[in-house]
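Please have a look at the model shown here, with its sequence alongside.

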Amino acid sequence: MLMHDKEKIISAFIHNFVVKDAKERSSIELSNPKKRGKFMNRLNHNWDSILKMQLLTKIDKSTDNQDAIQKKLKLKDDELVYVISNYGEVDDRIIAFKDVFPFIYSRGLGTILMNTNGDEIYLETEQENGPADRFIGEIKTEN
């Protein structure tokens with residue numbers, strides 16, 4: 001199995017999905033275990049002000065189930081994803097999609113799963129009233 005560089009994945013995620021004004025702060029927080037909680041807090045409460053919302057598509061409630069989301073992400077069960085999550089058991093890990101998605105799906109706390117290129121993400125927001133909002137973000141590369 002290839003080893004993936006977490007720093008490169010985080011760097012690509014920040015470059016692709018974090019708004020300009022939050023890039024430096026997010027980089028510092030995500031790369032420092034003692035400060036990571038600050039990013040997680042913002043992910044729970046201000047995700048829409050730190051992420052480039054124009055790149056994210058809200059998942060319609062009618063297609064909000066694990067199979068439909070996995071199909072939209074175009075991820076195979078054994079494909080590796082990097083996790084930014086309020087769930088310490090999976091946070092800051094590179095793990096197979098099938099081993100993490102059922103664990104975080106619809107549990108109520110903010111989580112981001114991203115492919116190892118950092119150009120596609122799944123965002124599950126903190127659950128407040130009713131079901132949590134879920135989004136898919138993708139950087140379209142042109143050849």
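## About the model

This is a predicted model, in which local features need pLDDT of at least 70 and side-chain atom pairs count only at pLDDT 80 or more, while totals for chains, interfaces and linings use all residues. Residues are numbered from 1 along each chain as its sequence is written, and side-chain values use heavy atoms, with hydrogens and water left out.

Helices (H or I, at least four residues) and strands (E, at least two) are DSSP runs, numbered from the N terminus.

## The α1 and α2 pair

Let's begin with helix α1 (residues 6–17) and helix α2 (residues 23–31), whose axes come within 10 Å and cross at roughly 155°. That makes α1 roughly antiparallel to α2; the term applies to angles over 145 degrees, while those under 35 count as roughly parallel, 65 to 115 as roughly perpendicular and the rest as oblique. Axes here are lines fitted to C-alpha atoms, for helices over the stretch in contact, and angles run from 0 to 180 degrees between N-to-C directions.

Which residues of α1 and α2 meet? From α1 come Ile10, Phe13, Ile14 and His15, and from α2 come Lys23, Ser26, Ser27 and Leu30. Contact means heavy atoms within 4.5 Å. By class, the contact of α1 with α2 has four nonpolar, three polar and one charged residues. Ala, Val, Leu, Ile, Met, Phe, Trp, Tyr, Cys and Pro count as nonpolar, Asp, Glu, Lys and Arg as charged, and the others, Gly among them, as polar.

## The buried face of α5

Helix α5 (residues 97–104) has Phe97, Val100, Phe101 and Ile104 buried. Seen down the axis of α5, these buried residues fall within an arc of 100°, so they line one face of the helix. The arc is that of the directions from the helix axis to the C-beta atoms.

The buried residues of α5 pack against α4 (66–73), β2 (80–85), β3 (94–96), β4 (111–115) and β5 (120–124).

## Loop residues to look at

Serine 106 lies in the loop between α5 and β4 and has a positive phi of about 65°, although it is not a glycine. At 42% relative accessibility, serine 106 counts as partly exposed. Buried means under 20% relative accessible area, exposed over 50%, and partly exposed in between (1.4 Å probe, protein chains only).

Arginine 107 is placed in the loop between α5 and β4, and touches Tyr87 and Glu124, not counting residues up to four places away in sequence.
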